[in-house]
Amino acid sequence: MEIEASLDDPLFVGLGEIGLDYFVAGLDDARQQFFYNEQLKLAHEFDLPVICHVRKSQDQVLKGLRRHSVHRGIAHAFNGSFQQAQAFIDHGMHLGFGGNLTFERALQIRRLAAQLPLDALVVETDAPDIAPSWLYRQRNTPDQIPAIGAGLAQLRGIGVDELSIGTTANA
(Lines give C-alpha, C1' and ligand atoms only; values in the text may rest on other atoms or scores of the structure.)
Protein backbone atom coordinates (compact mmCIF):
# COMPACT_ATOMS: atom_id res chain seq x y z
CA MET A 1 0.00 0.00 0.00
CA GLU A 2 1.27 3.48 -0.91
CA ILE A 3 0.68 4.98 2.54
CA GLU A 4 2.58 2.23 4.32
CA ALA A 5 5.48 2.61 1.90
CA SER A 6 5.58 6.37 2.55
CA LEU A 7 5.47 6.42 6.35
CA ASP A 8 9.25 6.74 6.70
CA ASP A 9 9.43 9.63 4.21
CA PRO A 10 9.87 12.88 6.21
CA LEU A 11 7.95 14.75 3.49
CA PHE A 12 4.87 12.57 4.02
CA VAL A 13 3.11 14.34 6.88
CA GLY A 14 -0.58 13.55 6.51
CA LEU A 15 -3.58 12.94 4.28
CA GLY A 16 -5.12 15.73 2.32
CA GLU A 17 -6.82 17.50 0.98
CA ILE A 18 -9.87 15.48 1.93
CA GLY A 19 -13.32 16.60 2.97
CA LEU A 20 -16.67 17.77 1.70
CA ASP A 21 -17.83 20.64 -0.51
CA TYR A 22 -21.47 21.73 -0.30
CA PHE A 23 -20.87 25.04 -2.07
CA VAL A 24 -20.37 23.77 -5.61
CA ALA A 25 -23.72 22.82 -7.10
CA GLY A 26 -24.17 19.35 -8.57
CA LEU A 27 -21.55 17.45 -6.61
CA ASP A 28 -22.68 13.95 -5.62
CA ASP A 29 -23.05 13.98 -1.83
CA ALA A 30 -23.05 10.19 -1.45
CA ARG A 31 -19.84 9.94 -3.48
CA GLN A 32 -18.18 12.72 -1.46
CA GLN A 33 -19.22 11.06 1.80
CA PHE A 34 -17.93 7.67 0.64
CA PHE A 35 -14.47 8.95 -0.24
CA TYR A 36 -14.26 11.18 2.82
CA ASN A 37 -15.11 8.28 5.13
CA GLU A 38 -12.64 5.93 3.42
CA GLN A 39 -9.88 8.55 3.70
CA LEU A 40 -10.68 9.07 7.39
CA LYS A 41 -10.42 5.31 7.95
CA LEU A 42 -6.91 5.44 6.48
CA ALA A 43 -5.97 8.44 8.62
CA HIS A 44 -7.15 6.60 11.72
CA GLU A 45 -5.47 3.32 10.75
CA PHE A 46 -2.09 4.99 10.17
CA ASP A 47 -2.50 7.69 12.86
CA LEU A 48 -2.07 10.52 10.36
CA PRO A 49 -3.29 14.10 10.53
CA VAL A 50 -5.65 15.32 7.80
CA ILE A 51 -6.10 18.51 5.82
CA CYS A 52 -9.87 18.92 5.51
CA HIS A 53 -11.79 20.81 2.85
CA VAL A 54 -14.76 22.28 4.73
CA ARG A 55 -16.61 24.41 2.19
CA LYS A 56 -20.13 24.90 3.58
CA SER A 57 -19.65 21.52 5.30
CA GLN A 58 -18.16 22.26 8.72
CA ASP A 59 -20.64 20.20 10.74
CA GLN A 60 -20.50 17.17 8.42
CA VAL A 61 -16.69 17.22 8.26
CA LEU A 62 -16.49 17.40 12.04
CA LYS A 63 -19.00 14.55 12.34
CA GLY A 64 -16.73 12.38 10.19
CA LEU A 65 -13.65 13.28 12.25
CA ARG A 66 -15.50 12.29 15.41
CA ARG A 67 -16.89 9.07 13.95
CA HIS A 68 -13.43 7.92 12.83
CA SER A 69 -11.51 9.26 15.86
CA VAL A 70 -9.23 11.50 13.83
CA HIS A 71 -7.98 14.22 16.20
CA ARG A 72 -5.14 15.91 14.32
CA GLY A 73 -5.04 18.12 11.29
CA ILE A 74 -6.22 21.34 9.72
CA ALA A 75 -9.64 22.59 8.74
CA HIS A 76 -8.42 24.24 5.56
CA ALA A 77 -9.66 27.73 4.55
CA PHE A 78 -11.92 27.80 7.57
CA ASN A 79 -15.03 29.92 7.12
CA GLY A 80 -17.49 28.75 9.75
CA SER A 81 -19.01 30.17 12.89
CA PHE A 82 -17.24 30.75 16.19
CA GLN A 83 -19.06 27.71 17.63
CA GLN A 84 -17.93 25.53 14.71
CA ALA A 85 -14.38 26.83 15.09
CA GLN A 86 -14.43 25.97 18.79
CA ALA A 87 -15.75 22.48 18.01
CA PHE A 88 -12.85 21.85 15.60
CA ILE A 89 -10.34 23.20 18.12
CA ASP A 90 -11.84 21.10 20.92
CA HIS A 91 -11.46 18.07 18.66
CA GLY A 92 -7.71 18.71 18.25
CA MET A 93 -7.79 20.41 14.85
CA HIS A 94 -6.12 23.62 13.72
CA LEU A 95 -7.85 26.19 11.55
CA GLY A 96 -6.32 27.46 8.32
CA PHE A 97 -6.56 31.14 7.43
CA GLY A 98 -5.27 32.65 4.21
CA GLY A 99 -5.92 35.30 1.62
CA ASN A 100 -9.58 35.66 2.52
CA LEU A 101 -8.68 37.38 5.82
CA THR A 102 -7.02 40.22 3.87
CA PHE A 103 -10.37 41.49 2.56
CA GLU A 104 -11.76 44.20 4.83
CA ARG A 105 -15.34 43.11 4.07
CA ALA A 106 -14.65 39.52 5.26
CA LEU A 107 -15.82 40.49 8.74
CA GLN A 108 -16.58 37.00 10.09
CA ILE A 109 -13.25 35.52 9.00
CA ARG A 110 -11.34 38.54 10.28
CA ARG A 111 -13.14 38.38 13.63
CA LEU A 112 -12.37 34.65 13.99
CA ALA A 113 -8.73 35.14 13.00
CA ALA A 114 -8.38 37.89 15.61
CA GLN A 115 -10.21 36.18 18.48
CA LEU A 116 -9.40 32.48 18.31
CA PRO A 117 -6.40 31.23 20.30
CA LEU A 118 -3.10 31.57 18.44
CA ASP A 119 -2.28 27.93 19.17
CA ALA A 120 -5.27 26.93 17.02
CA LEU A 121 -4.25 28.78 13.83
CA VAL A 122 -2.12 28.13 10.77
CA VAL A 123 -1.42 30.45 7.85
CA GLU A 124 -2.01 29.10 4.35
CA THR A 125 -2.36 30.32 0.77
CA ASP A 126 -4.63 27.74 -0.92
CA ALA A 127 -2.55 28.47 -4.02
CA PRO A 128 -3.57 28.96 -6.74
CA ASP A 129 -6.97 29.87 -5.21
CA ILE A 130 -8.17 32.38 -2.58
CA ALA A 131 -5.71 35.10 -3.45
CA PRO A 132 -5.19 37.95 -0.98
CA SER A 133 -6.81 41.32 -1.62
CA TRP A 134 -3.73 42.73 -3.38
CA LEU A 135 -3.92 39.88 -5.94
CA TYR A 136 -7.70 39.99 -6.37
CA ARG A 137 -8.77 37.77 -9.28
CA GLN A 138 -5.18 36.71 -9.91
CA ARG A 139 -3.36 33.45 -9.32
CA ASN A 140 -2.28 32.98 -5.72
CA THR A 141 1.20 31.66 -4.90
CA PRO A 142 2.89 30.32 -1.73
CA ASP A 143 5.20 33.34 -1.61
CA GLN A 144 2.22 35.34 -0.30
CA ILE A 145 2.44 33.61 3.11
CA PRO A 146 4.61 36.32 4.76
CA ALA A 147 2.24 39.12 3.73
CA ILE A 148 -0.86 37.12 4.71
CA GLY A 149 0.83 36.36 8.04
CA ALA A 150 1.58 40.07 8.51
CA GLY A 151 -2.11 40.79 7.94
CA LEU A 152 -3.08 38.19 10.52
CA ALA A 153 -0.55 39.57 13.01
CA GLN A 154 -2.00 43.05 12.53
CA LEU A 155 -5.55 41.76 13.11
CA ARG A 156 -4.40 40.09 16.31
CA GLY A 157 -2.35 43.08 17.50
CA ILE A 158 0.87 41.06 17.77
CA GLY A 159 4.24 41.14 16.07
CA VAL A 160 4.96 39.21 12.89
CA ASP A 161 7.70 37.20 14.64
CA GLU A 162 5.33 36.07 17.41
CA LEU A 163 2.73 35.08 14.84
CA SER A 164 5.29 33.28 12.69
CA ILE A 165 6.70 31.29 15.60
CA GLY A 166 3.22 30.32 16.81
CA THR A 167 1.69 29.34 13.50
CA THR A 168 4.83 27.52 12.35
CA ALA A 169 4.79 25.43 15.54
CA ASN A 170 1.12 24.67 14.93
CA ALA A 171 1.76 23.56 11.38
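**Entry 1: the second largest pocket**

I began with the second largest pocket, which holds about 210 Å³ of space. I'm working on a predicted model, where local features need pLDDT of at least 70, side-chain atom pairs count only at pLDDT 80 or more, and totals for chains, interfaces and linings use all residues. Residues are numbered from 1 along each chain as its sequence is written, and side-chain values use heavy atoms, with hydrogens and water left out.

I noted what a pocket is: on a 1 Å grid over the protein atoms alone, an open set of points with protein on both sides within 12 Å along at least five of seven lines, while a cavity is a set of points where a 1.4 Å probe fits but cannot get out. Lining residues have an atom within 4 Å of a point. Grid points are joined across faces, edges and corners, and a volume is the space filled by probe spheres set on the points.

I listed the lining of this pocket: Val 13, Gly 14, Pro 49, Val 50, Ile 51, Arg 72, Gly 73, Ile 74, His 94, Asn 170 and Ala 171. Strands E2 and E3 (73–76) are the elements that give two or more residues to that lining. (Helices, H or I, have at least four residues and strands, E, at least two; both are DSSP runs numbered from the N terminus.) By class I got six nonpolar, four polar and one charged. Here Ala, Val, Leu, Ile, Met, Phe, Trp, Tyr, Cys and Pro count as nonpolar, Asp, Glu, Lys and Arg as charged, and the others, Gly among them, as polar.

**Entry 2: the largest pocket**

Next I looked up the largest pocket, with about 450 Å³ of space. It has 19 lining residues, and Arg 55, Lys 56, Ala 77, Asn 79 and Ile 130 are the closest to its centre. E1 and strand E2 (50–55) each give two or more residues to the lining. E2 has the largest share, three residues. The classes came out as six nonpolar, seven polar and six charged.

**Entry 3: salt bridges**

How many salt bridges does the structure hold? I got two, a salt bridge being a side-chain nitrogen of Lys or Arg within 4 Å of a carboxyl oxygen of Asp or Glu.

One joins the side chains of Glu 38 and Lys 41, at 3.0 Å from N to O. Both residues sit in helix H2, three residues apart, about one turn of the helix. Glu 38 is partly exposed at 31% relative accessible area, and Lys 41 is partly exposed at 42%. (Buried means under 20%, exposed over 50%, partly exposed in between, with a 1.4 Å probe and protein chains only.)

Asp 47 pairs with Arg 72, their closest N and O atoms being 3.5 Å apart. Asp 47 is in the loop between H2 and E2 and Arg 72 in the loop between helix H3 (58–67) and E3, so this pair ties together parts 25 residues apart in sequence. Asp 47 is exposed at 56% relative accessibility, whereas Arg 72 is partly exposed at 39%.
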